[in-house]
Number of protein chains: 2
Amino acid sequence: MLTNERHEFILNLLEQKQTIKIQDIVDLTEASESTIRRDLTVLENRNQLERVFGGAVLPGRNLSEPTIKDKSARNLEEKDSIAKLAASLVQDGDSVYLDAGTTTFQMIRYLRDKNIVAVTNGLTLVEELNEHGITVYLTGGLLKPRTGAFIGAQTIQSLKNYRFDVCFLGVNGFHPEMGYTTPDPEEAAVKRLASSLASESYVLADHSKADKISFAKIMELGDAVLITDSISTELRETLEKKTTVKVGTR
Amino acid sequence: MLTNERHEFILNLLEQKQTIKIQDIVDLTEASESTIRRDLTVLENRNQLERVFGGAVLPGRNLSEPTIKDKSARNLEEKDSIAKLAASLVQDGDSVYLDAGTTTFQMIRYLRDKNIVAVTNGLTLVEELNEHGITVYLTGGLLKPRTGAFIGAQTIQSLKNYRFDVCFLGVNGFHPEMGYTTPDPEEAAVKRLASSLASESYVLADHSKADKISFAKIMELGDAVLITDSISTELRETLEKKTTVKVGTR
DNA sequence: TGCTTATGAATGATTATGATTGATTTTGGA
DNA sequence: TCCAAAATCAATCATAATCATTCATAAGCA
C-alpha cells in the first residue's frame with residue numbers, strides 16, 4: 001500500500017469511527033507500527049487529525065482536551081525560575097508585551113508591584129494581569145480554542161498599534177540553526193510581529209524545549225535573548241555563539 | 001477504550017445524568033477504580049467536573065465568580081427568560097455581536113448548538129463561548145477592571161472590521177424619551193458602534209431598567225428592538241410607539 | 001552507480017493501568 | 001450524641017502499553 005493511500009485510508013477510517021487506535025490501523029493496513037506512527041505524525045502536522053495516547057481523534061472534536069482553565073502545569077518549578085528572572089528585567093514605566101503561554105503566565109505574579117502597561121494575546125493572562133491590578137490591553141482577534149491565544153489577521157492589525165519596551169515570548173522549541181519554532185504558523189506570525197515591535201525581546205523556554213524544532217519558524221536565535229533553566233554547558237556554548245542566554249536559578 | 005475516549009464518555013454521562021457515581025463508571029467502562037479516579041482528577045483539574053465524595057457533579061458555573069455572581073444572582077430568572085428569547089432570534093450561519101454583560105452572558109448556553117460566529121467585547125463571555133464550542137472573536141482593547149469589558153480606541157477600531165447579522169446589547173436604563181443609556185461614555189460608544197454595524201439590533205433589559213436614565217446615551221429607543229420581561233401595560237404601550245418590544249416569558 | 005525517501009525492528013523512556021495499603025469520610029445503629 | 005462498620009479516598013508500587021528515537025535495510029529515482 002502506497003504511503004498516500006495509507007494516509008487516505010487512515011483519514012477515512014477516522015471519519016467513520018471518530019476515534020482510532022494505532023493497533024487497529026496496524027492490523028488493518030499490515031504496515032508496521034513505526035510506519036503508522038509516522039503517518040499519524042504527518043497527518044497531525046497537516047491538522048487532519050489529533051494524536052492522543054494510543055491513537056488519534058478528529059481535530060477540534062476532541063472534547064476532553066485540556067481547556068484553558070487547566071490548572072495542571074508541567075515543569076512548574078523550572079518555569080517559575082525562568083518567570084522570576086524574566087520579571088526582574090521589567091522596569092517601572094515599561095510597556096510590556098506578554099505572549100500567551102504558561103511560562104509568561106507565571107511571570108505575572110512577579111510583576112504585581114510594578115507600574116507598567118501590559119499588552120497580551122492570551123486570554124488567561126488578561127484575567128491574571130487584571131487581578132494583579134496591572135493595566136492591560138488585549139490584542140483581540142480569533143480565539144484559538146483550548147490554548148486561549150488570540151491569533152489571526154485581527155490580532156496582527158491590533159498589535160501594530162503598539163510599541164513595547166520589552167516583549168516576552170513562549171516557544172515550543174529552540175535550536176542553534178533553526179532558531180525559535182512553534183507548531184502553529186498563525187501564532188508564529190503574532191510572536192514575530194510582537195518581537196519586531198519591541199526594543200528588547202526575550203524568549204522564555206525551559207530545558208525541555210532545547211534542540212526541539214516545531215513546524216513554524218518564528219525567528220532566528222539571535223533575534224531575542226533566550227531565558228532558560230538548566231541546560232548542558234555544551235549546548236549553552238553553542239547557543240551563546242548566536243545569542244545572549246540567561247539562566248534562571250531556583 | 002482509549003484514555004481520551006473514556007474522558008469523553010465520562011463527561012457525556014455526566015452531562016446526561018448531572019451526577020455520577022464512581023462505581024457506575026467502573027461498571028460501564030470496565031476500567032479499574034484507580035483509573036476512573038485518576039480520570040476524575042484530571043477532569044476536575046480542567047474544570048470539566050467537580051468531584052464529590054463517591055462520584056462527580058457538573059461544575060458550578062455561576063458559583064465560582066463572586067463579583068459576577070452577585071450581579072447574575074439578581075433577577076436571574078427574569079434575565080434568563082430574556083436571554084432565552086433573545087437566543088431564539090439567532091439563526092444558523094449568523095454572525096452575532098454579544099455585548100459585555102450578565103444578560104448577554106446568559107444567552108450563551110442557549111446558543112450552544114447553533115452554528116454561528118460570535119464577536120464580543122466581554123472577557124467572561126469569551127470564555128463561556130469558547131467552552132460551548134462557539135467560534136469567537138474578541139474586539140480587544142483596554143480591559144475595564146471589574147466589569148470585564150473591553151473599551152477604548154482599540155476596541156472601536158477592531159469592531160469596524162466586522163459586520164453583524166444580529167447584535168445584542170445590555171444597557172443600564174431605557175426610557176421613552178431618553179432612549180438607551182449606560183454609565184460609561186466609552187462603553188456607550190462601543191455599544192452604539194456595534195449596533196450600527198448590525199442588520200438587526202436588540203437591547204436586553206429586564207424591568208428594573210425601565211424608565212431609568214444613566215449618564216451616557218447610547219442611542220434612541222427606536223434604534224433597536226427592546227427585549228424585556230414583565231413591564232406594565234401602560235409602559236409597554238408608550239414604548240411601542242417608539243420601537244418594537246418583545247417580552248420574555250418563563 | 002549515488003542519492004533520497006520509506007520502512008521495519010530494536011532501544012530505552014514515558015505514560016497509563018490495576019492492585020494494594022492504610023487513611024479518611026460517611027453511614028447507621030445504640 | 002458517640003462508636004463501629006462500610007464505603008470511599010489518596011498514595012504507592014509493579015506491570016503493561018505506548019511512545020520517540022535511532023539505526024540498518026529496502027525501494028524509488030536520476
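**Sheets, packing and burial**

Mentor: An open sheet of 9 strands runs in the order β15(A)-β14(A)-β12(A)-β9(A)-β4(A)-β5(A)-β6(A)-β7(B)-β8(B), and its pairing is mixed. The model is predicted, so to speak of local features pLDDT must be at least 70 and side-chain atom pairs count only at pLDDT 80 or more, whereas totals for chains, interfaces and linings use all residues. Residues are numbered from 1 along each chain as its sequence is written, chains are lettered from A and ligands numbered from 1 in the order in which they are written, and side-chain values use heavy atoms, with hydrogens and water left out.

Trainee: Which are the edge strands of this sheet?

Mentor: Strands are DSSP runs of E with at least two residues, helices are runs of H or I with at least four, and both are numbered from the N terminus. Two strands pair if DSSP finds at least two bridges between them. Here the edges are β15 (245-247) of chain A and β8 (149-151) of chain B, each pairing on one side only. Neighbouring strands are turned by 30° against each other on average, direction ignored.

Trainee: In which sense do β5 and β6 of chain A pair?

Mentor: Strand β5 (residues 117-120) and strand β6 (residues 135-138) of chain A are parallel, with 4 bridges. A:V117 has A:T135 in β6(A) as its bridge partner.

Trainee: Across which strands does helix α8 of chain A lie?

Mentor: For such angles, axes are lines fitted to C-alpha atoms, for helices over the stretch in contact, and the angles run from 0 to 180 degrees between N-to-C directions. Helix α8 (residues 185-196) lies across β4 (95-98), β9 (164-170) and β12 (198-204) of chain A, at about 155° to β9(A).

Trainee: Is A:T103 buried or exposed?

Mentor: Buried means under 20% relative accessible area, exposed over 50%, and partly exposed in between, with a 1.4 Å probe and protein chains only. A:T103, in helix α5 (residues 102-107) of chain A, has a relative accessible area of 8% and is buried. Contact means heavy atoms within 4.5 Å; beyond neighbours within four places in sequence, A:T103 is in contact with A:K79, A:I82, A:A83 and A:L204.

Trainee: How many aromatic pairs does a search of the whole structure find?

Mentor: Rings of Phe, Tyr and Trp (its six-membered ring) pair if their centres lie within 6.5 Å; planes under 30 degrees apart are stacked, over 60 edge-to-face, and the rest tilted. The search finds 8 pairs over all chains. Among them, B:F168 and B:Y202 are stacked, at 5.3 Å centre to centre and 15° between the planes. This pair links strand β9 (residues 164-170) and strand β12 (residues 198-204) of chain B, the two residues being 34 apart. Both B:F168 and B:Y202 are buried.
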